[in-house]
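This briefing sets out selected features of the structure shown below, grouped by topic.

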Amino acid sequence: MEEYQMQQLTRLLHYAYENVPYYRRVFDERGLKPKNIQDFDDFGKLPYLTKEIIQENLPDLVARNYHSSKLQYVTSGGSTGIPLGFYCERGVSEAKEWAFIITLWSRVGFKLGDRCIVLRGNVVHSANKGKFWEYDPANKNLILSSYHMTDEILPNYIAKIREFRPDFIQAYPSAITILARFMKKKNIEPFPTVKAILCASENLYPWQRELLEEAMKCRIWSFYGHAERAALAGECEVSTYYHIFPEYGYLELISSDANKVTRDGEIGEIVATGFNNFATPFICYKTMDLGVFSSKKCQCGRQYQLLERIEGRLQELIVTRTGRLISMTAINMHSDVFDNIKQFQFYQDKKGEVIFNVVKKNTYTGKDTEYIKRELYKKLGDDMKLEIRFVDYIPRTKSGKYRFLIQKLPIEFGENDKFRKNF
């Protein structure tokens with residue numbers, strides 16, 4: 001696999017040097033040629049590609065050997081707060097992506113033609129007429145609206161899911177969490193035909209996995225990928241470790257001091273190079289996503305590099321007054337502290353201060369406010385000021401995702417080594 005990856009990297013670098021003006025310039029400015037990259041250590045000679053660089057240099061990042069009719073413009077979901085657009089090969093990139101995704105899903109029994117419920121931020125156009133789902137006959141999917149999941153309407157969702165008898169549920173973790181909370185609160189039985197919940201596109205927090213397993217009584221399965229398609233990793237049949245797909249791209253974890261992460265349990269930013277997009281190659285791409293390194297070998301038998309878990313994105317970190325960085329994963333409550341809350345969201349635009357927006361249930365009282373403050377301060381520490389605000393609803397992003405933290409402060413992974421001490 002290492003030999004295959006090095007062959008793919010060599011091929012990609014030669015291709016980019018010949019066809020992509022940005023990479024030709026990057027090599028020439030450093031006095032490098034593709035032949036100078038002989039092994040994985042040499043790969044560190046190349047500079048990182050960032051979202052800002054892509055924004056500023058997109059025309060020069062598009063391969064000159066592609067006719068415009070072969071290019072498809074793609075945008076990311078924007079969950080990092082930095083809008084990003086680039087090009088893929090029309091009719092080819094999507095097919096390759098689905099081949100990998102279906103291979104991943106097959107680990108938990110998925111087969112082409114299986115019936116799926118989809119809760120992934122799709123807009124259901126008939127929702128304003130009271131019909132909150134639509135059928136996709138080509139993929140045998142029943143698509144449910146993620147924007148109308150209220151206590152009044154959720155019984156209709158549950159009845160429709162039972163009627164549809166799905167094999168799997170594809171979902172944003174935040175969307176399926178709303179359904180699971182309702183089912184648990186109302187003591188509603190799980191769906192007997194569902195083999196697994198296929199989670200992606202948002203970080204799956206430990207408390208969400210626990211809730212989903214309790215309410216759904218099936219495998220909660222997660223994979224990591226992104227619109228840029230430079231890296232792909234997923235759980236397997238027997239573990240929740242993320243197995244990095246070596247045929248998809250080359251992935252490194254880079255520490256806050258810009259070194260390669262090699263110690264178990266150490267966190268790093270995911271830097272990826274994709275093998276499947278030659279229209280806009282992503283080489284040494286800083287994803288702004290964080291992963292935890294593992295040197296273990298999985299019992300499934302695949303000799304893949306593993307990530308112990310995905311920690312989320314840099315924009316999912318709270319900054320304290322003293323510069324500590326706290327991950328949303330660390331705000332993990334194993335108690336009844338949020339029982340009287342429908343939804344919540346953190347918001348930060350000032351260092352050392354965070355706003356906790358709360359949608360109250362009818363059972364919420366002033367005692368809950370004091371309880372929440374007391375428990376959150378245990379997580380946040382003394383160098384944070386917490387303000388609780390009550391709101392009527394929590395908005396989703398344009399792509400239908402739900403963000404637990406709206407972070408307005410610019411965050412660089414290397415700005416503070418205290419970060420790792422919070423895990």
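This is a predicted model: local features need pLDDT of at least 70, side-chain atom pairs count only at pLDDT 80 or more; totals for chains, interfaces and linings use all residues.

At 42% relative accessibility, E214 counts as partly exposed, because that class covers values between 20% and 50%. The side chain of E214 forms a salt bridge with that of K184, with an N to O distance of 3.4 Å.

**Salt bridges**

- The structure holds 22 salt bridges.
- K184 is itself partly exposed, its relative accessible area being 41%.
- Salt bridges with shared partners connect R25, D60 and R64 in one network.
- A salt bridge also joins the side chains of K185 and D151, at 2.9 Å from N to O.
- This pair links distant parts of the chain, since K185 sits in helix α6 and D151 in the loop between β5 and α5, 34 residues apart.
- K185 counts as partly exposed at 39% relative accessibility, and D151 counts as partly exposed at 33%.
- E97 and R229 form a salt bridge in which the closest N and O atoms are 3.8 Å apart.
- E97 lies in helix α4 (residues 93-105), and R229 lies in the loop between β8 (219-224) and β9 (233-234), so the pair ties together parts that are 132 residues apart in sequence.
- Both E97 and R229 are buried.
- In general, side chains of opposite charge can pair when their charged atoms come close.

**Helix α5**

- Which residues of helix α5 (residues 154-164) are buried? They are L154, Y157, I158, K160, I161 and F164.
- These residues lie on the same side of α5, because they cover an arc of only 165° around the axis.
- An α-helix has 3.6 residues a turn, so residues three or four places apart point the same way.
- The cover over the buried residues of α5 includes β3 (116-119), β4 (133-136), β5 (141-144) and α6 (173-185).

**Strand β12 and its partners**

- Strand β12 (residues 267-274) is mostly covered, with 8 of its 8 residues buried.
- Strand β11 (residues 249-254) runs antiparallel to β12 and is joined to it by 6 bridges.
- Within this pairing, G249 stands opposite G274 of β12.
- β12 also pairs with strand β13 (residues 285-294), in the antiparallel sense and over 5 bridges.
- Here I267 stands opposite V292 in β13.

**Cavities**

- The count comes to 4 cavities of 30 Å³ or more.
- The volume of the second largest cavity is about 90 Å³.
- Its lining consists of S174, T177, I178, R181, W207, K342, Q343, F344, R396, Y402 and F404.
- Two or more residues of the lining of the second largest cavity come from each of α6 and β17 (341-350).
- Which element gives the most to the lining of the second largest cavity? It is α6, with 4 residues.

Technical notes. Residues are numbered from 1 along each chain as its sequence is written. Side-chain values use heavy atoms; hydrogens and water are left out. Buried means under 20% relative accessible area, exposed over 50%, partly exposed in between (1.4 Å probe, protein chains only). Two strands pair if DSSP finds at least two bridges between them. The arc is that of the directions from the helix axis to the C-beta atoms. Contact means heavy atoms within 4.5 Å. A salt bridge is a side-chain nitrogen of Lys or Arg within 4 Å of a carboxyl oxygen of Asp or Glu. On a 1 Å grid over the protein atoms alone, a cavity is a set of points where a 1.4 Å probe fits but cannot get out, and a pocket is an open set with protein on both sides within 12 Å along at least five of seven lines; lining residues have an atom within 4 Å of a point. Grid points are joined across faces, edges and corners, and a volume is the space filled by probe spheres set on the points.
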